[in-house]
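My notes follow the structure.

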Amino acid sequence: MTEKQHLLLIGAGLCGSLLALRMAQRGFQVTLVEKRPDLRDVTQDAGRSINLALSDRGLKGLRLAGVEEKALELCIPMLGRMIHDKEGNTFISNYSGRDGEYINSISRPGLNMLLLDAAEAMPNVEIIFNKGCKSVDLENASAVFEDYTTKERTELKGDIILGTDGAGSVVRKSMFNDRNFLFSFSQDYLTHGYKEITIPASDSGGYRTEKGALHIWPRGEDMLIALPNLDGSFTVTLFLPYSNSDYCFDNLTTPEMVTEYFTKEYPDAVALMPNLVEEFFDNPTGPLGTIKCSPWNSYGKSLILGDAAHAIVPFYGQGMNASFEDVVVFDEILENQKDASIDWKKVFYEYEKARKHDTDAIADLAVDNFHEMKEHTASPLFQQKRKIEMILESQFPDVYSSKYSLVTFNENIGYAEALRKGRAQDKAILNLLDDKKISEADKPSEILNIVISETNAILHDDDVAFS
């Protein structure tokens, strides 16, 4: 049956490309349609998330499709956060106390090209570029596309439609506009936007600052972060309020104001960015928002996945990883189908049931981490908490995992469980430190027992409160 079924995938970004590859490996006939040009033939747009953080959940998806090893060749390991204060002092806070746990900086276009190459090599995949989706017939699994150059419109049809067309999804918009079933939708923007700048490679082609870390300049309301690239450069992202602040996108309108702001807040970074002012004005300012919606499917004929279903802000480095995990979960649902023919309505329902609470959880965690990164990473209490977590993870690697580790390095539990347990652990450690009941000088085994006891008490109170 699968060989005869035709899947129409809309959107050939990271999620769509991986999904197309995996569905082709399952024997489906796949047509993958993308509104943009083939990025293997054009230069990546400036200012559009050049690199991303790839971690265990994402690697699991790449492993499923047999492309993990090739993807790792594009990766730069980042062992922890390097925090920069206003005086130019730095310290590194590891992501984990266990050996071998780190996140990876990876090129978005590089990874997308790898996935497109792998998908295109399959005999049952057709990829069409430069055709933007204009409308979707959800009940009949067909869509109308417009050629970017000729403006000619074409209708394509499949047995089902899988919408992986990102935060601005046309497939999701079609669901929203359909009055024949109830569709809930929310879109929440942060008061901050982002802009990308570059730390170029040194004259010798090397890195101007530590390669093996994600760099953060936390300033309370604002922050810079920087991720390394394979060519020796770093992609720097400024997160700044749009308005109502001494320095914001609304008033950083002249070279003098931009120079004044960066020199005051990030003096050591300014020395690394020779094209700062030019790039600030050349590169776009992007919004930061969270999208939640339901249901993700309609009529047993169409389903949205990835950012189309659950766009999140980037502060846990989990947007791409969550989308790749979507592919893993969808594949597991298909694997568990026992019938000779596929009941797509049942598949879509079971997929959303398995996935929705986890994607809601990572959306909330990402907003939490936004405030943690810009406000708390440089605070003494937060640093004490991280030291305690490092001690527990290094001494008891099979027993204890911090919230960050639960989210980032443990792909065998869902985001919702990581949120529930991780928030309780954070609260426990912060309370114990504030009450002077634990310190990094105590015996690790004693710290562990006290933290576990306090965490369990908090989890119990939460369960009672919400039961």
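Entry 1: I am working with a predicted model. I looked up the strand order first. I found 3 strands in an open sheet, ordered E3-E7-E4, with antiparallel pairing. Strand E3 (51–54) and strand E4 (75–78) are the edges, and each pairs on one side only. Neighbouring strands are turned by 30° against each other on average, with direction ignored.

**Entry 2: E4 against E7.** I followed E4 to strand E7 (residues 103–107). The two run antiparallel and are joined by 4 bridges. Which residue of E7 is the bridge partner of cysteine 75? I read off isoleucine 106.

**Entry 3: the helix on the sheet.** I then looked up helix H4 (residues 108–120). H4 lies across E3 and E7. Its direction is at about 75° to E7.

**Entry 4: H12 and H14.** I moved on to helix H12 (residues 380–395) and helix H14 (residues 415–434). They pack at about 115°, and their axes are 10 Å apart. Angles of 65 to 115 degrees count as roughly perpendicular, so I put H12 and H14 down as roughly perpendicular to each other. Their crossing is right-handed.

I listed the contact residues next. H12 contributes Leu381, Gln384, Lys385, Ile388 and Glu389. H14 contributes Asp426, Ile429, Leu430 and Leu433. Sorted by class, the contact of H12 with H14 has 5 nonpolar, 1 polar and 3 charged residues.

Terms used. Residues numbered from 1 in each chain as written. Predicted model: local features only at pLDDT ≥ 70, side-chain atom pairs only at ≥ 80, totals over all residues. Heavy atoms only, no water. Axes fitted to C-alpha atoms, helices over the stretch in contact; angles between N-to-C directions. Parallel < 35°, antiparallel > 145°, perpendicular 65-115°, else oblique. Left-handed = near helix turned anticlockwise from the far one by under 90°. Contact = heavy atoms within 4.5 Å. Nonpolar A, V, L, I, M, F, W, Y, C, P; charged D, E, K, R; others polar. Pairing = 2+ DSSP bridges.
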